[in-house]
Amino acid sequence: MTVGAANVQHVPVMPAEMLATLNPRDGAVYLDGTFGGGGYTRAILDRARCEVWAIDRDETAIARGAGLMAEFPGRLHLLHGRFGEMLTLLAEAGVHALDGVVLDIGVSSFQIDDPSRGFSFQGDGPLDMRMGRHGTKDDLTAAILVNTLPESELADVLFQLGEERASRRVARAIVTARGEAPIETTGRLASIIRAVLPPDKSGHHPATRSFQALRLSVNDELGEIERGLAQAAQLVSPGGRVVVVSFHSLEDRIVKRFMTEIAGRSPGPSRHDPRGLTQTRAGGASPRFRLLTPRPLRPGAAEVDANPRARSARLRAIECLAVAP
């Protein structure tokens, strides 16, 4: 968990469970698709004499990784880009197969604790929320969304991506406020939302769900998860594993659906790659993957006490089969 913007620290969530599930081994090649603070990458490199390729769309994360590269010369390789583009990024580097992939879904502690990135209402900053220098739709930012989307579309974003039940009320307040002056800072947006929503019984800030929705929209995070999972399944060799840690129900639903389908646990064909990756029982063939986590792994009480961010974490994993069972 982070402890302040001036002295940011990164604590990886469920590192022991991740390592036990991924099971790194000497001589193998792994991908950390969400490098962030490098916590998972370091754990993998410490566990086995292996090689790790790491991807991050945030240029500052790649720059931070230089020190870790120096600690593990020749074993860590950093790539700037989105994990939903891993096939292309790795192919350009001459890598076409992996022994495992790990993804820690969501915004990093470094991004949250830096007010200039605009992810949090805890400190006032520009309403940005881009995980990288460029967003996904012509340099889209959260400020562009809140200042230009029609009220009905804004309400839909807040409801669908933030699960905000009062989305119409929030959208109406935002549209009214931007008619007076453009909404350009996290502090002003948070105050607009707080003025029309009662305090959350859970103790969360009333703007939490709306900020989540805007962040997911700006970075197309749910689409990124779908693309990343499908490509990871194409890259892992027999015996290879895909391990994913998610923190929100919207993310976890996508991961759960993908993994159960690709492991042949659902009657219908996968919508990701029905002919290649998944061979369901409906087609009469055996699946190429098996589900390692029929139920998601959750962090222990001690970890949650030490790192509250871990509270909502869920770990799911699949393994590519050497031969069909």
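A nonpolar core is a set of buried Ala, Val, Leu, Ile, Met, Phe, Trp, Tyr and Cys residues joined through side-chain atoms within 4.5 Å. Buried means under 20% relative accessible area, exposed means over 50%, and partly exposed lies in between (1.4 Å probe, protein chains only). The model shown here is predicted: local features need pLDDT of at least 70, side-chain atom pairs count only at pLDDT 80 or more, and totals for chains, interfaces and linings use all residues. Residues are numbered from 1 along each chain as its sequence is written, and side-chain values use heavy atoms, with hydrogens and water left out.

View 1. Helices (H or I, at least four residues) and strands (E, at least two) are DSSP runs, numbered from the N terminus. The chain has 325 residues, and 54% of them count as buried. Its accessible surface is about 14,500 Å², with 52% belonging to carbon and sulfur atoms. These areas come from the Shrake-Rupley method with a 1.4 Å probe; for residues, only the protein chains shown count as cover. Contact means heavy atoms within 4.5 Å. Among contacts with a separation of 6 or more, 66% join residues 24 or more positions apart.

**View 2. The largest nonpolar core holds 67 residues.** Leu90 and Leu189 have the most contacts inside this core. Helix H12 (residues 221-235) gives the most to it, with seven residues. Now look at leucine 90. Beyond its neighbours within four places in sequence, Leu90 touches Leu31, Trp53, Leu79, Val95, Leu98 and Leu235.

View 3. On a 1 Å grid over the protein atoms alone, a pocket is an open set of points where a 1.4 Å probe fits, with protein on both sides within 12 Å along at least five of seven lines; lining residues have an atom within 4 Å of a point. The lining includes Glu164, Arg165, Leu197, Pro198 and Asp200. It divides into five nonpolar, no polar and six charged residues. Here Ala, Val, Leu, Ile, Met, Phe, Trp, Tyr, Cys and Pro count as nonpolar, Asp, Glu, Lys and Arg as charged, and the others, Gly among them, as polar.

**View 4. Methionine 14 and aspartate 220 each have a positive phi.** Most residues other than glycine have a negative phi. Methionine 14 has a phi near 50°. It sits in the segment before helix H1 (15-22). Methionine 14 counts as buried because its relative accessibility is 0%. For aspartate 220, phi is about 50°. This residue is in the loop between helix H11 (208-219) and H12. Aspartate 220 has 28% relative accessibility, so it counts as partly exposed.

**View 5. Proline 296 lies in the loop between strand S6 (289-291) and helix H14 (301-306).** Its relative accessibility is 25%, so proline 296 counts as partly exposed. Leaving aside neighbours within four places in sequence, proline 296 contacts Arg314, Leu315 and Arg316. Proline 296 and aspartate 252 are 44 residues apart in sequence, and 9.4 Å apart in space, C-alpha to C-alpha.
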